[in-house]
Each structure stands twice: as C-alpha cells, then as structure tokens.
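Please look at the sequence and the structure below.

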Amino acid sequence: GEDKTVNTMLLAMRLLRYLGAKRVYMLGVDFDMTPGYSFAQGRTQDAIDSNNRQFAITNGWLCRMSELGTWDRFGIEFYNCNPRSGLRAFAHVPFAAAVD
C-alpha cells in the first residue's frame, strides 16, 4: 500500500548501519529541487517535478520510521546538517556542531 520510489540514499543508510555506524550526519541532503536552490542540472520541469515527488515519498517513509523508533531499534542515529532541507525525518544539527 506504500507509494513506490527508488532512492539510493536508502541503500547508503542501510550500508552505514551494516558497517557499524552509530551516528550519521547527513550533508547535502536537500530533498528540494527548485530553480535557484539546487545546483544547475539542466533538468526539464517534468524531471524536477518527478524528483520532488520522489523526495516527498522518501521523506514520508523516513518520517514514519522515525516516529516508530526504527533507528533506536537498530542502534543508529541520523542527523541532517542542511538547515534548508526538505527532509524532515531527522533533527537538524549545524555542520560545525557535527564536526565537534
């Protein structure tokens, strides 16, 4: 009953867990492809709309997983260092704080 999408970030998250990561600070996870914000990619409006739909689906999955305590059960924490990110599933941590 879930919407379908393909997002390589999900594979990366799983691999980090398998590799034993306990805390992950995400960089560059904008989840928003809009003119003037995303880097120039020469994409059509249809491609931009498709990417934003996929971001919304993935964001929904990750938000629900966070609400269900999935990351706690697997012993891994995720933080988002992008203050303007459309990904809302993880708490924002400024980059400087992540480095500390």
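Glycine 69, which comes after helix H2, has a positive phi near 75°. The model is predicted: local features need pLDDT of at least 70 and side-chain atom pairs pLDDT 80 or more, while totals for chains, interfaces and linings use all residues. Residues are numbered from 1 along each chain as its sequence is written, and side-chain values use heavy atoms, with hydrogens and water left out.

H2 itself covers residues 45-67; helices (H or I, at least four residues) and strands (E, at least two) are DSSP runs numbered from the N terminus. Its 23 residues reach 33 Å from the first C-alpha to the last, close to the 33 Å expected at 1.5 Å a residue, where the expected span is 1.5 Å times one less than the number of residues. Among the buried residues of H2 are Phe55, Leu62 and Cys63; buried means under 20% relative accessible area (1.4 Å probe, protein chains only). Their cover includes helix H1 (8-18) and helix H3 (70-74).

How many disulfides are there? The count is zero, with a disulfide taken as a pair of cysteine sulfur atoms within 2.5 Å. For cysteine 63, the nearest cysteine sulfur is that of cysteine 81, 17 Å away. Cysteine 81 is buried, at a relative accessible area of 10%.

Serine 85 sits in the loop between strand E2 (77-80) and helix H4 (95-99). This serine 85 is buried, with a relative accessible area of 0%. A polar atom of its side chain lies 2.6 Å from the backbone oxygen of valine 29. The side chains of serine 85 and asparagine 80 are joined by a polar contact of 3.0 Å. Such a contact is a pair of N or O atoms within 3.5 Å; within protein, one must be able to donate a hydrogen and the other to accept it, and residues adjacent in sequence count only if both atoms are side-chain atoms.

Definitions and conventions
Buried < 20%, exposed > 50% of the residue type's maximum accessible area, 1.4 Å probe, protein only. Contact = heavy atoms within 4.5 Å.
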